[in-house]
Amino acid sequence: MAIFLSENASKTKDFGVKFAKTLKSGDVVVLKGEMGAGKTVFCKGVAAGLGIADEVLSPTYAYMNEYDGKLFHFDCYRLKNGGQAESLGLCDYFYAGGICLVEWAENIADVLPENVITVEIKKTGGSNREIIYG
C-alpha cells in the first residue's frame, strides 16, 4: 500500500489523473471513504486520465454511469447485497473490458471479482485528504 497526501480537491483530482495511467482494461477499483471524502472528485481525475471529456457525476440514483465504454462508475450505497447488483445487471460490467470504479463496494462485496484494487480516501482536517492505495 502507498499513501498520497492531498491538500485540496484539485490535488485529489490530479492524483486520479496519474492513478489512471496505472490502470488496465478490466481493472476493478474499490473506493472507500465516508460521504464527502472525495471519491467522486478522484473519479473525475481518473476519467480525465483516461481521456474522457464527459462530465463525471455521482451515479447515486442511477447506480452506474458509463463513459465511452472505457469507464464504469458505480455507487452501491443504496444496494443491500450483491444479489441486487446482479439483478440490476451491474456485475456484467466487471467483465466488459473497461475500468470499474466502485463506491460503497462493501455493500456488494460478495459479487466483486477476486483481484480488486483498493483506494481509500480519509478526511484529515479541512480539505486535506490521505489517499491510501494499492
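**Exercise 1. List contacts of arginine 129 beyond four places in sequence, then describe the surroundings of its side chain.**

Step 1. Leaving out residues up to four places away in sequence, arginine 129 touches Phe4, Leu5, Ser6, Thr12, Gly36, Ala37, Ile121, Lys122, Lys123 and Thr124; contact means heavy atoms within 4.5 Å. The model is predicted: local features need pLDDT of at least 70, side-chain atom pairs count only at pLDDT 80 or more, and totals for chains, interfaces and linings use all residues. Residues are numbered from 1 along each chain as its sequence is written, and side-chain values use heavy atoms, with hydrogens and water left out.

Step 2. Arginine 129 belongs to strand 7, residues 128-133 (strands are DSSP runs of E with at least two residues, helices are runs of H or I with at least four, both numbered from the N terminus).

Step 3. A polar atom of the arginine 129 side chain lies 3.2 Å from the backbone oxygen of glycine 36. The side chain of arginine 129 also reaches the backbone oxygen of glycine 126, at 3.2 Å.

Step 4. Arginine 129 is buried but has no salt bridge. Buried means under 20% relative accessible area, exposed over 50%, and partly exposed in between (1.4 Å probe, protein chains only). A salt bridge requires a side-chain nitrogen of Lys or Arg within 4 Å of a carboxyl oxygen of Asp or Glu. The nearest side chain of opposite charge is glutamate 34, 7.7 Å away (Lys and Arg count as positive, Asp and Glu as negative; His and the chain ends are not counted).

**Exercise 2. Find the salt bridges in the whole structure and state the accessibility of each partner.**

Step 1. The search returns 2 salt bridges.

Step 2. Aspartate 27 and lysine 24 form a salt bridge at 3.1 Å, N to O. Aspartate 27 counts as buried because its relative accessibility is 9%, whereas lysine 24 is exposed at 56%.

Step 3. Glutamate 34 and lysine 123 form a salt bridge at 3.8 Å, N to O. This pair links distant parts of the chain, 89 residues apart: glutamate 34 is in the loop between strand 2 and helix 2, and lysine 123 is in strand 6. Glutamate 34 is partly exposed, at 48%; lysine 123 is partly exposed, at 39%.

**Exercise 3. Which residues have the most contacts inside the largest nonpolar core?**

Step 1. A nonpolar core is a set of buried Ala, Val, Leu, Ile, Met, Phe, Trp, Tyr and Cys residues joined through side-chain atoms within 4.5 Å. The largest has 21 residues, and Phe19, Phe42, Val46, Leu71, Leu101 and Val119 have the most contacts inside it.

Step 2. Helix 2 contributes the largest share of this core, 4 residues.

Notes:
A polar contact is a pair of N or O atoms within 3.5 Å; within protein, one must be able to donate a hydrogen and the other to accept it, and residues adjacent in sequence count only if both atoms are side-chain atoms.
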